[in-house]
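Colleague: I am new to this structure. Please take me through one part of it closely, the core and the helices packed around it.

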Amino acid sequence: MVDLDWNLIKSFVAVAEAGSLSAASRRLSASQPTLGRHIADLEMALGVTLFRRGRRGYELTEAGAVLYERGKTVSDEAAA
């Protein structure tokens, strides 16, 4: 099992919900390059591609959708 930094998951969930690095960066008050690094680090650690990157922003892959459900649950529980 991979031990992940919570900030990577938090950034991933924000990008998944916002659909872009710029919108997620505003939401988290973090820079776009930082979020981009977090996504790249998370993909590297897990060995999967989490997003399809395109003109319309970031769209979850199948692996990304699975991680989003788990990450969102943990994020919601942490916020409660």
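Modeller: **The core and its helices**

Leu 42 touches Leu 4, Leu 8, Ile 9, Phe 12, Leu 50 and Leu 67, leaving aside residues up to four places away in sequence. Contact here means heavy atoms within 4.5 Å. The model is a predicted one, where local features need pLDDT of at least 70, side-chain atom pairs count only at pLDDT 80 or more, and totals for chains, interfaces and linings use all residues. Residues are numbered from 1 along each chain as its sequence is written, and side-chain values use heavy atoms, with hydrogens and water left out.

Now the core. The largest nonpolar core holds 16 residues. Such a core is a set of buried Ala, Val, Leu, Ile, Met, Phe, Trp, Tyr and Cys residues joined through side-chain atoms within 4.5 Å. Buried means under 20% relative accessible area, exposed over 50%, and partly exposed in between, with a 1.4 Å probe and protein chains only. Leu 42 is among the residues with the most contacts inside this core, along with Phe 12, Val 15, Leu 50, Phe 51 and Leu 67. Helix 1, helix 2, helix 3 (32–46) and helix 4 (62–79) each give two or more residues to the core. Helix 1 gives the most, with 7 residues. Helices are DSSP runs (H or I, at least four residues), and strands are too (E, at least two), numbered from the N terminus.

Next, the first packing. The axes of helix 1 (residues 6–18) and helix 2 (residues 21–28) come within 8 Å and cross at roughly 125 degrees. Axes are lines fitted to C-alpha atoms, for helices over the stretch in contact, and angles run from 0 to 180 degrees between N-to-C directions. Helix 1 and helix 2 are therefore oblique to each other. Angles under 35 degrees count as roughly parallel, over 145 as roughly antiparallel, 65 to 115 as roughly perpendicular, and the rest as oblique. Residues making the contact include Val 13, Ala 14 and Val 15 of helix 1, and Leu 21, Ala 24 and Leu 28 of helix 2.

Then the second packing. Helix 2 and helix 3 pack at an angle of about 105 degrees, their axes 9 Å apart. That makes helix 2 roughly perpendicular to helix 3. Leu 21, Ser 22, Ala 24, Ser 25 and Leu 28 of helix 2 meet Gln 32, Leu 35 and Gly 36 of helix 3.
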